[in-house]
Amino acid sequence: MTGLSYTATTETVHGLLRLEGPDVTVQWRVARKTEEMKGDGYHTDEELEQVREGTIPISALAGEEGLVLAHPAPDAEQALLEEPPEPG
């Protein structure tokens, strides 16, 4: 084939939660697979990012009203560091 190409990328996030005393530790990493087909053949690249970690006090998750769901944020790591919104 000349001039035709195909590229597909798949990202998978694997993670876990650990309860450690008064804290919740969140660990996750991203696995990325890119498949590319060009005139010269088929290529597959796989990438596995390093494990990332964030720790949150359980008290930041639960209060008088019970469990507080995290507010949406474009960056999950940043969302772990932000205070949850006040009940309103």
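This note reviews the salt bridges of a predicted model.

1. Basis. Residues are numbered from 1 along each chain as its sequence is written, and side-chain values use heavy atoms, with hydrogens and water left out. As the model is predicted, local features need pLDDT of at least 70 and side-chain atom pairs count only at pLDDT 80 or more, while totals for chains, interfaces and linings use all residues.

2. Count. A salt bridge is taken as a side-chain nitrogen of Lys or Arg within 4 Å of a carboxyl oxygen of Asp or Glu. Under this criterion, the model has six salt bridges.

3. Arg 32 and Glu 11. These two residues form a salt bridge whose closest N and O atoms are 2.6 Å apart. Glu 11 belongs to strand 1 (residues 6-20) and Arg 32 to strand 2 (residues 23-38), so the pair ties together parts that are 21 residues apart in sequence; strands are DSSP runs of E, at least two residues, numbered from the N terminus. Arg 32 is buried, at 18% relative accessibility (buried: under 20% relative accessible area; exposed: over 50%; partly exposed: in between; 1.4 Å probe, protein chains only).

4. Arg 18 and Glu 20. Here the closest N and O atoms of the salt bridge are 2.9 Å apart. Arg 18 is partly exposed at 28% relative accessibility, and Glu 20 is also partly exposed, with a relative accessible area of 36%.

5. Arg 52 and Glu 49. The side chains of this pair meet in a salt bridge at 3.2 Å, N to O. Arg 52 is partly exposed, its relative accessibility being 34%.

6. Network. Through shared partners, salt bridges join Glu 11, Arg 32, Glu 47, Glu 49 and Arg 52 into one network.

Methods
Helix = DSSP H or I, 4+ residues; strand = E, 2+ residues; numbered from the N terminus.
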